[in-house]
Amino acid sequence: MEQHNLSYIHPDAKIADNVKIGPFVTIEADVEIGEGTEIHSGAVILNGSRIGRNCRIHSSAVIGGVPQDLKFKGEKTLAIIGDNTVIREFATINRGTASKGKTVIGNNCLIMAYCHVAHDCYLHNNIIMSNACQIAGEVEIEDYAVIGGGTLVHQFTHIGQHIMLQGGSHVNKDIPPYAMVGREPISYIGINVVGLRRRGFTPEQLGRIQETYRYIYFSDLHNSEAINRILEETQPSAERDLIVDFIRTSARGIVRAVN
């Protein structure tokens, strides 16, 4: 471990040998940090933090802060950061509560400056969250989601994989997979064609996604009726079934189409 002499590390913290720790860093006792990770000046890593390999925790970020939830009674919970994830300046990641027991950010994520991820959130892998996003408690964000800067996400919201979300959005409904979402009030405005092509989706896959969403958003049917029509009239596919399952299990309801 490469430790600056102006940092504080509790002797019980479990830190891999090749971790680099800058000046004015604070690391508490119940902390684990994996190989190759760098902790930049002024970062604070609090009890319950578990940070993976090859991460970058930038200046003044705070990992493992006490949940901002009045139901929290001091129970032992975790804030887990996967491998190869970057947490930029002044971002805050709270640990979990008794509800889920942990807040999780997966592998290969980029959480930009001034973002906040509240208690019991689950962010999957390869997520990009631009500056100053505010994610309330128990939100789930799936793989390859791109969240524009200044976005506010209501608690318990579910955001599907491969979505593109316009900066400054107020998210109070679930966002189904592959969607491009924006405007005010927040609305479905199409599928995330550019992002999907970059990740290797074929024209045939894009066509199946678009066809499925034509039933959902442009058929004048209720969602349950649209799903029945989709299942009756279209061929099964991974893309179709993922969208259908997401909508069926949505607790908050999905965003509407643009007017």
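How do β28 and strand β29 (residues 256-257) pair, in the parallel or the antiparallel sense? They pair in the parallel sense, over 2 bridges.

## Basis

This is a predicted model: local features need pLDDT of at least 70, side-chain atom pairs count only at pLDDT 80 or more, and totals for chains, interfaces and linings use all residues. Residues are numbered from 1 along each chain as its sequence is written, and side-chain values use heavy atoms, with hydrogens and water left out.

Strand β28 covers residues 187-191. Strands are DSSP runs of E, at least two residues long, and helices are runs of H or I, at least four, both numbered from the N terminus. In β28, 4 of 5 residues are buried. Buried means under 20% relative accessible area, exposed over 50%, and partly exposed in between (1.4 Å probe, protein chains only).

Two strands pair if DSSP finds at least two bridges between them. Strand β27 (residues 179-182) pairs with β28 in the antiparallel sense over 4 bridges. A179 has I191 as its bridge partner. On β29, A257 is the bridge partner of Y188.

## Aromatic pairs

The structure holds 7 aromatic pairs. Rings of Phe, Tyr and Trp (its six-membered ring) pair if their centres lie within 6.5 Å; planes under 30 degrees apart count as stacked, over 60 as edge-to-face and the rest as tilted. Ring pairs link Y188, Y213, Y217 and F218 into a cluster.

F90 and Y114 are stacked, because their ring centres are 5.2 Å apart and their planes lie at 5 degrees. The two residues are 24 apart in the chain.
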